[in-house]
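Hi there,

Here is the structure I promised to pass on.

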Amino acid sequence: MTSVKGQDRGQQKRQMKSASRLYAVQALFQMEVSGQTVEAVTREFETHRFGAVYEEGEFAEGNVDHFRAVVGAAVNWQAKIDQLTDRALVAAWPIDRIDPVLRALFRAAGAELVDMATPPKVAITEYVDVAKAFFPDGKEPKFVNAVLDHMAREAKPEAF
């Protein structure tokens, strides 16, 4: 019976990390459009989003440490991540011309690829899932998969 609980705990930890990735993309987007500081946005998310319950439903409980690490690394490494993203995009579409939600997503994923121990294939899968959450009927998830694959191969070639 303990193995089932352990498995449930492992699954719960993965779900919390997944939720923190979605929150990180939202926070990075919010920072860009509102001009708020990283401190203000992370405080707002930790206070009002993580596990909050609203009329629309319950927000997932996220992994606060992972959320902070992703947002912090995305901010600290933004220039490097944006250059990596630009090289992965076709020349006609520099990062400043793409949808701001996708830009935030590439920055969050780039943070995990550039500055964190997340295996690249895990990061790609997780952020493609985030893209599906934001663009359930669009072609964006396939686009995200292709761009992140290119970014991952450049950032962590030893993983391929």
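Below is what I found in it.

A word on the source: this is a predicted model, with local features needing pLDDT of at least 70 and side-chain atom pairs counting only at pLDDT 80 or more, while totals for chains, interfaces and linings use all residues. Residues are numbered from 1 along each chain as its sequence is written, and side-chain values use heavy atoms, leaving out hydrogens and water.

Let me start with Arg21, which sits in helix H1 (residues 2-34); helices here are DSSP runs of H or I with at least four residues, numbered from the N terminus. Arg21 has a relative accessible area of 3%, so it is buried (under 20% relative accessible area, 1.4 Å probe, protein chains only). Beyond its neighbours within four places in sequence, Arg21 is in contact (heavy atoms within 4.5 Å) with residues including His66, Glu112 and Thr118. Val122, Glu126, Tyr127 and Val130 are also among its contacts.

Glu126, Tyr127 and Val130 are among the buried residues of helix H6. Helix H6 (residues 120-134) has 15 residues and spans 21 Å from first C-alpha to last, close to the 21 Å expected at 1.5 Å a residue (1.5 Å times one less than the number of residues).

Then there is the pairing of H2 and H3. Val38, Thr42, Phe45 and Glu46 in H2 meet Val64, Phe67, Arg68, Val71 and Val75 in H3.

Happy browsing!

Technical notes:
Helix = DSSP H or I, 4+ residues; strand = E, 2+ residues; numbered from the N terminus. Buried < 20%, exposed > 50% of the residue type's maximum accessible area, 1.4 Å probe, protein only.
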